[in-house]
Amino acid sequence: MTKLWGGRFQKSAEQWVDEFGASIGFDQTLVKEDLDGSMAHVQMLGDCNILPPEDVQSILGGLVQLKKLATENKLEFSVANEDIHLNLEKMLIDLIGPVGGKLHTGRSRNDQVATDMHLFLKNRVNEIIELIEIFQQTLVSQAETHVETLAPGYTHLQRAQPISFAHHLMAYFWMLERDKDRFKDSMKRIDISPLGAGALAGTTFPIDRKIAAEYLGFAKVYENSMDAVSDRDFIVEFLSNSSVLMAHLSRFAEEIILWSSAEFNFIELDDAFSTGSSIMPQKKNPDMAELIRGKTGRVYGNLMGLLTVIKGLPLAYNKDMQEDKEGMFDTVHTIVGSLKIFEGMVRTMVVHSERLHDTVHKDFSNATELADYLAAKGLPFREAHEVTGKLVFLCIQRGYFLLNLPLEDLKEASDLIEPDIYDVLSPLAAVRRRNSLGGTGFDQVKIQITEAKTRLVL
């Protein structure tokens with residue numbers, strides 16, 4: 001088959017070489033964006049009197065037909081035509097005749113593919129921002145239900161201090177808020193049009209790049225044609241932002257996995273987000289959380305893959321850049337699925353409030369309260385810390401917790417301790433008192449939730 005670019009060549013590549021070099025197996029994902037870019041380009045050619053109106057209308061009509069066929073999944077792509085651009089151009093020429101070849105006036109596949117990817121990410125990043133907000137809304141809803149549900153807070157995966165369970169959930173709200181802000185900010189780099197930059201040097205045709213950008217809804221155009229066709233920073237930034245998002249989801253997934261185990265038993269996941277064992281009938285595995293934790297690695301890999309591809313490339317376009325798409329497509333698919341799964345998992349999980357309550361009453365996470373109590377009475381905190389540590393050790397030896405250690409034992413450690421210590425050591429009181437800005441005190445958690453609601457536009 002004669003290539004659309006084959007005039008200079010006297011010999012065709014073998015089929016397996018064509019298959020190795022072709023990208024149509026994956027870049028057909030860009031079919032809608034490629035057709036939209038072509039429609040904007042040909043309209044601009046007409047506006048600039050580069051093509052006569054009858055040619056513009058004929059080409060536009062053909063592109064509309066192709067878009068309808070694409071929507072119905074009726075387009076048949078060929079490896080012989082290499083990529084989505086040449087496949088669609090060949091289909092257009094077959095559909096409307098030689099006039100279809102005029103579509104490529106004043107542009108190159110280099111600015112064409114860059115335009116497609118900008119359009120693709122512009123649409124998908126907006127979708128991702130919406131999904132983050134839906135997940136945030138679910139977190140806020142669960143947090144409102146569990147403001148006064150006590151839970152153990154951890155450091156080093158050791159019980160540290162009692163907290164509001166809502167406070168723990170809201171920590172993830174704010175992580176997601178930063179993720180959302182990063183994606184929003186990245187739109188400033190995504191929302192730029194490379195169309196009309198040509199292969200690398202612009203074009204001799206009197207095009208108006210800003211007209212084409214307006215048709216496509218881009219905020220602005222690249223100022224340098226070489227930068228326009230070689231820039232993949234916007235994809236690297238997207239992959240980087242996605243990696244941070246997946247890191248946050250993976251941390252939450254790890255906690256979901258721990259909390260749903262028999263050892264913790266803090267929550268139970270809905271059956272829709274769990275699986276069983278092929279051999280052990282009793283098992284209820286948090287497989288969706290585990291899978292999200294595992295998929296984090298592939299998103300990191302996609303980022304490192306693209307960074308490696310572009311690290312030594314001279315300007316402007318190089319065939320290496322064909323490797324910029326699969327990781328981008330895969331990352332979009334991965335984080336969209338992960339956000340949808342996680343939102344459903346958190347929305348439907350059952351929180352075992354009584355188990356959480358019992359947990360904070362049978363540990364030493366209130367030890368800081370005793371140290372603070374003594375410090376508030378004038379004992380230097382380091383000395384208060386030592387007194388409390390010795391009392392904890394005494395409790396361990398005798399099988400007590402601080403709350404049920406006899407007063408005489410407490411007073412023997414420090415005569416500053418009075419009967420009111422038992423009110424201080426109450427986990428409920430301990431949490432309620434932590435009313436510093438951003439703290440786990442119930443009033444502060446309610447303030448967080450109110451502020452969070454103002455950030456949500458859904």
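I looked up strands β1 (residues 150–155) and β2 (residues 158–164) and found them antiparallel, joined by six bridges. Strands and helices here are DSSP runs numbered from the N terminus (E, at least two residues, for strands; H or I, at least four, for helices), and two strands pair if DSSP finds at least two bridges between them. Thr155 has Gln158 in β2 as its bridge partner. Two residues stand between the strands of this hairpin, and His156 takes a positive phi near 60°.

**Basis.** I note that this is a predicted model, in which local features need pLDDT of at least 70 and side-chain atom pairs count only at pLDDT 80 or more, while totals for chains, interfaces and linings use all residues. Residues are numbered from 1 along each chain as its sequence is written, and side-chain values use heavy atoms, with hydrogens and water left out.

**α14 and α15.** I next took helix α14 (residues 367–376) and helix α15 (residues 381–398), whose axes come within 8 Å and cross at roughly 140°. Axes are lines fitted to C-alpha atoms, for helices over the stretch in contact, and angles run from 0 to 180 degrees between N-to-C directions. The two helices are therefore oblique to each other (under 35 degrees counts as roughly parallel, over 145 as roughly antiparallel, 65 to 115 as roughly perpendicular, the rest as oblique). The crossing of α14 and α15 is right-handed (the near helix is turned clockwise from the far one by less than a right angle; anticlockwise is left-handed). In contact (heavy atoms within 4.5 Å) I listed, among others, Leu370 and Leu374 from α14 and Phe381, Val387 and Leu391 from α15. The contact residues divide into 10 nonpolar, two polar and one charged (Ala, Val, Leu, Ile, Met, Phe, Trp, Tyr, Cys and Pro are nonpolar; Asp, Glu, Lys and Arg charged; the others, Gly among them, polar).

**α6 and α19.** I then checked helix α6 (residues 109–145) against helix α19 (residues 442–455): the angle is about 155° and the axes are 11 Å apart. These helices are therefore roughly antiparallel, and their crossing is left-handed. Glu133, Val140, Ala143 and Glu144 in α6 meet Ile449, Ala452, Lys453 and Arg455 in α19. I sorted these residues into four nonpolar, no polar and four charged.

**Salt bridges.** I counted 33 salt bridges (a side-chain nitrogen of Lys or Arg within 4 Å of a carboxyl oxygen of Asp or Glu). One of them joins Lys102 to Asp55, with the closest N and O atoms 2.7 Å apart. Lys102 lies in the loop between α5 (84–96) and α6 and Asp55 in helix α4 (residues 53–71), so the pair ties together parts 47 residues apart in sequence.
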